[in-house]
Amino acid sequence: MPKLYLLGASCSGVSTLGAVLAERLDVPQIDVDDYYWMPTDPPFSVKRDPEERVRLIGARQEKSAGWVLTGSFMGWGDALVEDVDLIVFIHTPTPIRLERLDRREAQRHGARILPGGDMHRSHLAFRDWASRYDDPSFSGRNLVQHERWLEAQGAPVLRLDGQRPVGELATKVLEAIPRPTDRNNH
């Protein structure tokens, strides 16, 4: 049972690809956002303590021989991928990611993100934050930080173009998973 870690910028397609892979491999998808944020209304407003996130995700990982971990944990979650078989980095151009973000947020939250809605300000702040991923001077999560992290990993890294169809991306990941004999030599 493979242990996969998928990461990229917000709305690059990480969670979507993760769901497809989890289904094809018959392993759980563990999404970082489900543990990063406390369950609140409005959602995504209170962060969970980093140690608690790692503990909860680690406990979930231990329940399965394989899993697909999706999301980013820059600066707090490296212990979660110490024995990962494959790291998948999805890069998607910012205009496409922002279109996806707008569509996803409208589906999830409807009128709450529109002017006058209780989530309008937080939606605009999130959109602004997500739009700055390619800016190396941005202090939030950005491409330079991800590239630096990827270079330091011992596990194989597969880079994918998030503009490609999810089925094609899933096939590339499945073909890139190291075989048990490969893992012994790694």
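Modeller: Here's a chat about where those labels come from; keep in mind that the model is predicted.

Colleague: Okay, why is E105 called buried?

Modeller: Buried means under 20% relative accessible area. E105 has a relative accessible area of 5%, so it counts as buried.

Colleague: And where does E105 sit, and which residues is it in contact with, leaving aside neighbours within four places in sequence?

Modeller: E105 belongs to helix α4, residues 94–109. Its contacts, with those sequence neighbours set aside, are G110, I113, H123 and F126. Contact here means heavy atoms within 4.5 Å.

Colleague: On to the sheet. What is the order of its strands?

Modeller: There are 5 strands in an open sheet, ordered β2-β3-β1-β4-β5, and the pairing is parallel. At the edges you find β2 (29–31) and β5 (157–161), each pairing on one side only. On average, neighbouring strands are turned by 20 degrees against each other, direction ignored.

Colleague: What makes β1 and β3 a pair?

Modeller: Two strands pair if there are at least two bridges between them. Strand β1 (residues 3–8) and strand β3 (residues 67–70) have 4 bridges, in the parallel sense, so they qualify as a pair. If you want a spot to look at, K3 is opposite W67 in β3.

Colleague: Which helices go with the sheet strands?

Modeller: Helix α1 (residues 14–25) packs on the sheet and touches β1, β2, β3, β4 (86–91) and β5, with its direction at about 165 degrees to that of β1. Helix α7 (residues 166–176) lies across β1, β4 and β5, and runs at about 165 degrees to β5.

Definitions and conventions. Residues are numbered from 1 along each chain as its sequence is written. This is a predicted model: local features need pLDDT of at least 70, side-chain atom pairs count only at pLDDT 80 or more; totals for chains, interfaces and linings use all residues. Side-chain values use heavy atoms; hydrogens and water are left out. Helices (H or I, at least four residues) and strands (E, at least two) are DSSP runs, numbered from the N terminus. Buried means under 20% relative accessible area, exposed over 50%, partly exposed in between (1.4 Å probe, protein chains only). Axes are lines fitted to C-alpha atoms, for helices over the stretch in contact, and angles run from 0 to 180 degrees between N-to-C directions.
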